[in-house]
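Here are some exercises to work through with the model open beside you. Try each task before you read its solution.

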Amino acid sequence: MATVILLRHARSTANGSGVLAGRQPGVRLSDKGEEQAKALVDRLADIPVDAVVTSPLERCGATLEPLLAARGLTPVVEPELAEVEYGEWTGRELKGLVEEPLWSVVQQHPSAAVFPGGEGLAAVQARAVAAVRRHDARITEEFGPRAVWVACSHGDVIKAVLADALGVHLDGFQRIVVDPASVSVVQYTPTRPFVLRVNDNGGDLSGVVPPPERPASSDAVVGGTTGG
C-alpha cells in the first residue's frame, strides 16, 4: 500500500488565542504559519509526492498552497478530514470550557465525549480513518505501492488517525502530540499499519519512501530495524 504523510495545518491565527476555533470561517495562517507553509516545500523536497488530499477548511488550503504550486498538484478536498464539529463550544474561550463537566471527559475518556450540538470524538475517528484508508487504497491503485501522498488535516483528527494506526484506544489519544505544521507518517498494509513518524517537526523524511527492492509485506521486521 501507499505511504501517507499526515500534515497538520501550519500555525493559524486561532492557535494560542485561547479560543476554540473549530470550523469557524476566516481562520487564516499567522505570520509564523505562513513561514511554516513555505518551509514545507524544502522539507518535502526529496519526497516524490503523488497526490494531496485536504480538509476543506481555509487554514489547510493555505498551508498547502506553496507545496501545490511547487509540485503542480491539485488537491482532492475531503470533508471527512475536516476539523471536529465542536457545536456549541465553537468560538468559546478555553478558560471557560475547562469549567464544563464535559472537559474532563474529553481529557480522560474521549471516546465518550460528544460535543453539544456537534459530534463525538469516536465518530471523528471513524470518519477520518475511513477516509484515509479509502484514499490510500485509491492512490495505491493509481500510482502503485510505492506512492506517497499528503493528507492535510487538524490536530485532533490526526491524533485520532494515529491512535488507530498505533492500535491505541481512543481514550489514549490525548497522549499523542501533533504540533502545527508537523508531519506524521503511516504505511498501511493488508493486515496492519506501520507508523514511521509522529509529530516530526523538521527531520529528514527521505527514509519514509519504500525502497524498490523491499516487497510489500504486513510482517514486522524482527531485530529492531525498520518495519513495513
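**Exercise 1.** Find the residue that follows helix 5 and describe its phi.

*Solution.* Start at the end of the helix; helices (H or I, at least four residues) and strands (E, at least two) are DSSP runs, numbered from the N terminus. The residue after helix 5 is Gly144, and its phi is positive, near 100 degrees. Now step back along the helix: it covers residues 121–143, 23 residues in total. From first C-alpha to last, helix 5 reaches 32 Å, close to the 33 Å expected at 1.5 Å a residue, where the expected span is 1.5 Å times one less than the number of residues. Lastly, look at burial, where buried means under 20% relative accessible area, exposed over 50% and partly exposed in between (1.4 Å probe, protein chains only). Among the buried residues of helix 5 are Leu121, Val132, His135, Asp136 and Ile139.

Before you go on, a word on the model: it is predicted, with local features needing pLDDT of at least 70 and side-chain atom pairs counting only at pLDDT 80 or more, while totals for chains, interfaces and linings use all residues. Residues are numbered from 1 along each chain as its sequence is written, and side-chain values use heavy atoms, with hydrogens and water left out.

**Exercise 2.** Which residues have the most contacts inside the largest nonpolar core?

*Solution.* A nonpolar core is a set of buried Ala, Val, Leu, Ile, Met, Phe, Trp, Tyr and Cys residues joined through side-chain atoms within 4.5 Å. The largest one has 38 residues, and Val4, Leu6, Phe115, Leu121, Val132 and Trp149 have the most contacts inside it. Next, trace the elements that give two or more residues to this core: they include strand 1 (3–8), strand 2 (49–54), helix 5 and strand 4 (148–153). Apart from this core lies another, of 19 residues, among them Ile47, Val150, Val183 and Val209. Then select Trp149 and list its contacts (heavy atoms within 4.5 Å). Beyond four places in sequence, its partners include Val4, Ala51 and Val53, as well as Val132, His135, Asp136 and Ile139.

**Exercise 3.** Is Val178 buried or exposed?

*Solution.* Locate Val178 in the loop between helix 6 and strand 5. Its relative accessibility is 6%, so Val178 counts as buried. Leaving out residues up to four places away in sequence, Val178 touches Arg8, Gly155, Ile158, Lys159, Leu162 and Asn199. To finish, take the C-alpha distance from Val178 to Val157: they are 9.8 Å apart in space and 21 residues apart in sequence.

**Exercise 4.** Which residues line the largest cavity?

*Solution.* On a 1 Å grid over the protein atoms alone, a cavity is a set of points where a 1.4 Å probe fits but cannot get out, and lining residues have an atom within 4 Å of a point. Points are joined across faces, edges and corners, and a volume is the space filled by probe spheres set on them. Searching the whole structure gives one cavity of 30 Å³ or more. The largest cavity has a volume of about 30 Å³, and its lining is Leu6, Leu81, Val132, Ser153, Val157, Ile158 and Val161. Helix 6 provides the largest share of that lining, three residues.

**Exercise 5.** Where does Thr54 lie, and what does it contact?

*Solution.* Thr54 lies in strand 2. Its relative accessible area is 4%, so Thr54 is buried. Setting aside neighbours within four places in sequence, Thr54 is in contact with residues including Cys60, Leu64, Val77 and Cys152.

Methods
On a 1 Å grid over the protein atoms alone, a cavity is a set of points where a 1.4 Å probe fits but cannot get out, and a pocket is an open set with protein on both sides within 12 Å along at least five of seven lines; lining residues have an atom within 4 Å of a point.
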